[in-house]
Amino acid sequence: MQINGYLKLKDYFENLTAQSNFLEGFAGFFSRELMNKLTSRKEPLQSPYLALFKYQLGLDGDEMKTMGIRKLGFAIIYNNIKPDNYEAQYEAIDNAETLALKVIARIRFDNNDKTHFLWNALQKESITIEPVELSQSDFGVEVTFDLKNGQSLKLDPDDWKDINTVC
């Protein structure tokens, strides 16, 4: 059973960004990481960049089979757009949507690879893309979607001191 955990997914998106020919930067789930990278004098975050912003694990299924449903969110953002240039803002959102669809296409490609940890996990009908304005100069899109795969809830007796006393 392959699990799509928090760190594994963060590393996946960071690698996906590094392997792309169209994304210039990456920020993980923490908003302070994004802010530090945006304000860095040494290596400021270049646009367009991909920033993760949502991770939520839910459980579903019957008594015999538990499914982990991970809700993920990422944004594709263009920064340093003049606040009074509405046309450039609209264009940034449009371009970010195009790039987001490229990222989703790659996720779908990996989803169809039986050897990949994302195999058969993407819930295509859950995908949403919405315009976003992070500040007066940062524009793009937010993408949210679900990944669904088996999630073991098997108890390991070695994890519990009292398990031998519980019936």
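**Setting up.** I am working with a predicted model, where local features need pLDDT of at least 70, side-chain atom pairs count only at pLDDT 80 or more, and totals for chains, interfaces and linings use all residues. Residues are numbered from 1 along each chain as its sequence is written, and side-chain values use heavy atoms, with hydrogens and water left out.

**Fold.** I found three helices and five strands, taking helices (H or I, at least four residues) and strands (E, at least two) as DSSP runs numbered from the N terminus. Their order from the N terminus is α-β-α-β-β-α-β-β. The C-alpha atoms fill a box of roughly 70 × 30 × 25 Å along the principal axes.

**Cores.** I looked up how much is buried: 38% of the 167 residues, where buried means under 20% relative accessible area, exposed over 50% and partly exposed in between (1.4 Å probe, protein chains only). A nonpolar core here is a set of buried Ala, Val, Leu, Ile, Met, Phe, Trp, Tyr and Cys residues joined through side-chain atoms within 4.5 Å. The largest one has 31 residues, and Phe13, Leu50 and Val103 are among those touching the most other members. Helix 3 (86-111) is one of the elements that supply at least two residues each; helix 3 gives the most, with eight. A second, separate core of eight residues includes Ala27 and Val132.

**Salt bridges.** I counted five, each a side-chain nitrogen of Lys or Arg within 4 Å of a carboxyl oxygen of Asp or Glu. Asp146 pairs with Lys71, with the closest N and O atoms 3.4 Å apart. Asp146 is in strand 5 and Lys71 in strand 3, so this pair ties together parts 75 residues apart in sequence. Asp146 is buried at 15%, while Lys71 is partly exposed at 32%.

In helix 3, I noted Asp110 with Arg106 (3.2 Å, N to O); being four residues apart, they are separated by about one helical turn. Asp110 is buried at 3% relative accessibility, and Arg106 is partly exposed at 38%.

**Surface patch.** Last, I checked Phe30, in the loop between strand 1 (25-27) and helix 2 (31-39). Phe30 is partly exposed, at 41% relative accessible area. With Tyr6 and Leu7, Phe30 makes a nonpolar surface patch of about 300 Å². Such patches take residues with over 30% relative accessible area and no salt bridge, joining nonpolar side chains (Val, Leu, Ile, Met, Phe, Trp, Tyr) within 5 Å and like charges within 9 Å. Accessible areas come from the Shrake-Rupley method with a 1.4 Å probe; for residues, only the protein chains shown count as cover.
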